[in-house]
Amino acid sequence: MALATNQTERTAATTESVVVRYVLTGFALVFLTLFLFVPLVSVFWEALAKGWDLYLAALTDPEAVNAIKLTLITALIAVPLNLVFGVAAAWAIARFEFRGKALLTTLIDLPFSISPVVAGLIYVLLFGAQGWLGPWLAEHDIKIIFAIPGIVLATVFVTFPFVARELIPLMQAQGADEEQAALVLGASGWQTFWRVTLPNIKWGLLYGVILCNARAMGEFGAVSVVSGHIRGQTNTVPLHVEILYNEYNFIGAFACASLLAGLALVTLALKTFVEWRATQQHKGDAVPLEARARLASAH
Amino acid sequence: MSIDIRNVRKTFGDFIALENINLDIASGELLALLGPSGCGKTTLLRIIAGLETPDSGQILFHGEDATDRHVSERQVGFVFQHYALFRHMTVFDNVAFGLSVRPRRSRPSKEEIRERVMKLLKLVQLDWLADAYPAQLSGGQRQRIALARSLAVEPRVLLLDEPFGALDAKVRKDLRRWLRRLHDEMHITSVFVTHDQEEALEVSDRVVVMNHGRIEQAGRPDEIYETPATPFVTQFLGDVNLFHGRVDAGQVAIGDYAHPIADPSATDGAAKVYVRPHDIELSREPGAALASGTIEHIHAVGPIVRVELKRDDSDTYIDAALTKEQYQSLRLMLGDQVYIRPRKVAVFVDEGAHI
């Protein structure tokens, strides 16, 4: 789990020799530089190769603006939806015993385990012109595939696991004691959720939302299948980057790509901050670790 | 308020947690549910609170059926084993929680809440910690805050799940005396769960010993200790030596030895004889003894001298606890052969032996 950072001090007896340490660290650093740092710098380098003016012009191009807007709209719909779904699913799995719980847990992971292209195709099969619901949708003049609803649906599907995955282990570890205490003290279910459950999971929740948002804005595969690539209408930023690149418009492609790279950097910074806050909260937990483990296994 | 538990049964899958429990708890009583882990005591407490639903049976509060009443409407105070304090709230907000979630028409004003919370914090002697967070408190302090929080809503019943289980021995002793005093002042019907017989016997008005989802015995602490009703209760309440013998014409016989028993109703047959270490007298004379043994170990630190003997007629060991005076007057030495004479026995005739 992402929140469980190892805090134990290492003693001399468990530490490798200096040579081994430097070799391993050096290897990791070279790898990171080659495969992460150099490409990241090159994105900004290429984007700004012909100067600020062209960079800004590429970003304010109407099609680019439209792609940015569409990406924001998609994230604005997909993230809150998955926030609600994720909390509900995590709540159900962490707090209740019911038939099909294992199945539900597996289903939550499904979007992680199948290719995004397949995820997109599922929606084409369902809602496309030749799909199961296609004729009915056409009759009622509802457009899903090659339109914004399709893009949103595909994004919701792909980003579904982030919030739930983050919350389930956290809620299982915290146990239901505090919620039960609130109920015994006369709180309603709603009051218990807002005043006890939510404050306890807020950092984990925020962490999930940040990851969910990053993926929602950056998703390519699934969206590509359902979008139809209609310029100025159904192109999100990642799709727009691909089109510009294929047209040898490197400044435009890298300028838009730099937005996504910037988003990644902001996400990383936020993620680190939230992780740090969550461990602070974790350390201060009232229930000792072994007790929580017992509680988790009892539920 | 009185609590009546009628024919309560609860299963978890194939596991029978409670089997046909009947128990009346008098108003103002401090009752201990005592038993080993898995005996169903916590389940019973949670059913009284409404945190679990019984498969069948009823819970009556003051004669009124409360079985289907939701936990938030039962007006019980519940102290969790691991305190379950709200970790993101201050001590003050924790204690104020029950009052602040009340619907607006029955909710006291901010000043009233403040006053009541501070009064409770004074009662548990922790008013100086009002602005602290649970993580900053010690175990004993958390436990007292948990208690203050449950008392804030003026519960009709106070339920405590292993209230001192997670504390170290010294704090535990202080806290249980303190709980007893608190109960004597407030006279609120209280039930607490424990697996520690000393705790149950010391604190409560009445002890209910449970095992395998059943009530083995219920009674005053001295009653339970002096006249245990079953072999389980005898063994659970403290160290005990077991002798296998036969009851025959008002005597219990083991090998060549015979000891008269007071209970005239005991039927003849194979029997288990229990003797507590401090009820054993060691003697150089064979009269009224149960067995003879050889002294293998003497532990003479403190006011009580513990003597470990190996029985001469079998390979079992017997523990005896003597006072320093008895020990000195007998001039016991390692390797001495002595007679084991009980002052007090608990005899249970094997029921299966008759069939």
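## A four-stranded sheet in chain B

Let's start with an open sheet of 4 strands in chain B, ordered β2-β1-β4-β5 with antiparallel pairing. The strands β2 (15–25) and β5 (64–65) of chain B stand at the edges with a single partner strand each, so one side of each has no neighbour in the sheet. Everything here comes from a predicted model, in which local features need pLDDT of at least 70 and side-chain atom pairs count only at pLDDT 80 or more, while totals for chains, interfaces and linings use all residues; side-chain values use heavy atoms, with hydrogens and water left out. Residues are numbered from 1 along each chain as its sequence is written, and chains are lettered from A and ligands numbered from 1 in the order in which they are written.

A word on terms: helices (H or I, at least four residues) and strands (E, at least two) are DSSP runs numbered from the N terminus, and two strands pair if DSSP finds at least two bridges between them. Strand β4 (residues 56–61) of chain B pairs with β5(B) in the antiparallel sense over 2 bridges. Leu60(B) has Asp65(B) of β5(B) opposite. Helix α1 (residues 41–49) of chain B lies across β1 (3–12), β2 and β4 of chain B, at about 120 degrees to β1(B); axes are lines fitted to C-alpha atoms, for helices over the stretch in contact (heavy atoms within 4.5 Å), and angles run from 0 to 180 degrees between N-to-C directions.

Strand β16 (residues 291–299) of chain B has antiparallel pairing with strand β17 (residues 304–311) of chain B over 6 bridges. Here His297(B) has Glu308(B) as its bridge partner, and Thr294(B) stands opposite Lys310(B). The two strands β16(B) and β17(B) make a hairpin with 4 residues between them, and Gly302(B) in the turn has a positive phi of about 95 degrees. Strand β19 (residues 337–342) of chain B runs antiparallel to β16(B) and is joined to it by 4 bridges; Ile340(B) in β19(B) stands opposite Ala291(B).

## A second hairpin

Strands β12 (residues 251–254) and β13 (residues 257–260) of chain B pair in the antiparallel sense over 4 bridges. Gln251(B) is found opposite Pro260(B) in β13(B). This hairpin has 2 residues between its strands, and Gly255(B) in the turn has a positive phi of about 55 degrees.

## Where the chains meet

The contact between the chains takes 26 residues from chain B and 22 residues from chain A. About 2,300 Å² is buried between them, 61% of it from carbon and sulfur atoms; buried area is the accessible area (1.4 Å probe) that two parts lose on being put together, summed over both.

The interface has 1 salt bridge by the rule, which asks for a side-chain nitrogen of Lys or Arg within 4 Å of a carboxyl oxygen of Asp or Glu. Glu178(A) and Arg87(B) form a salt bridge, with the closest N and O atoms 2.7 Å apart. On the side of chain B that touches chain A, β6 (76–79), α2 (91–100) and α4 (139–152) of chain B each supply at least two residues.

## Salt bridges across the structure

Over all chains, a search of the whole structure finds 31 salt bridges. One within chain B joins Glu202(B) to Arg177(B), the closest N and O atoms being 3.8 Å apart. This pair links distant parts of the chain: Glu202(B) sits in helix α6 (residues 197–203) and Arg177(B) in helix α5 (residues 169–186) of chain B, 25 residues apart.
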